[in-house]
Amino acid sequence: MAAEREKIYDCEVKRRRVKVGGGYEPFWKVKAVAEALADNDTEFRCKDCFGEVKLLGRTGKAGTVPYVEHKVAADSEFCANGLLFKKATDGRESKVSAKPVE
Ligand SMILES: [Zn+2]
């Protein structure tokens, strides 16, 4: 049996916006992974725990939808949207990553 993979189709991407008083400031925006790739976004993080993610499924084949998964298993174990968190049966509470992407 193949191991179950974590597949998250929404992520946060880092964007810049004009700041009041001049200049730019970064902010994170929730987006579908496929849309972020189409927009050439380069900085990603998990929208729920803010942890690092890996980009996967970018084969470009028809019917393939790109997605992300947590880089660090500990994030998946405590992220509200993590596969390992959802499978945990000990009643744990979700929390943000110990090493959030800023
Ligand atoms: Zn997460």
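Modeller: Buried means under 20% relative accessible area, exposed over 50%, and partly exposed in between, with a 1.4 Å probe and protein chains only. This is a predicted model, in which local features need pLDDT of at least 70, side-chain atom pairs count only at pLDDT 80 or more, and totals for chains, interfaces and linings use all residues. Residues are numbered from 1 along each chain as its sequence is written, and side-chain values use heavy atoms, with hydrogens and water left out.

Colleague: Are Cys 46 and His 70 buried or exposed?

Modeller: Cys 46 and His 70 are both protein donors of the zinc ion. Donors are N, O and S atoms within 2.8 Å of the metal (3.2 Å for Na, K and Ca); water is not among the atoms, so sites may look incomplete. As to accessibility, Cys 46 and His 70 are each buried.

Colleague: Is Asn 40 buried or exposed?

Modeller: Asn 40 has a positive phi, near 60°, and is not a glycine. Because its relative accessibility is 64%, Asn 40 counts as exposed.

Colleague: Which accessibility class does Phe 50 count as?

Modeller: Phe 50, likewise a residue other than glycine, has a positive phi of about 65°. Because its relative accessibility is 27%, Phe 50 counts as partly exposed.
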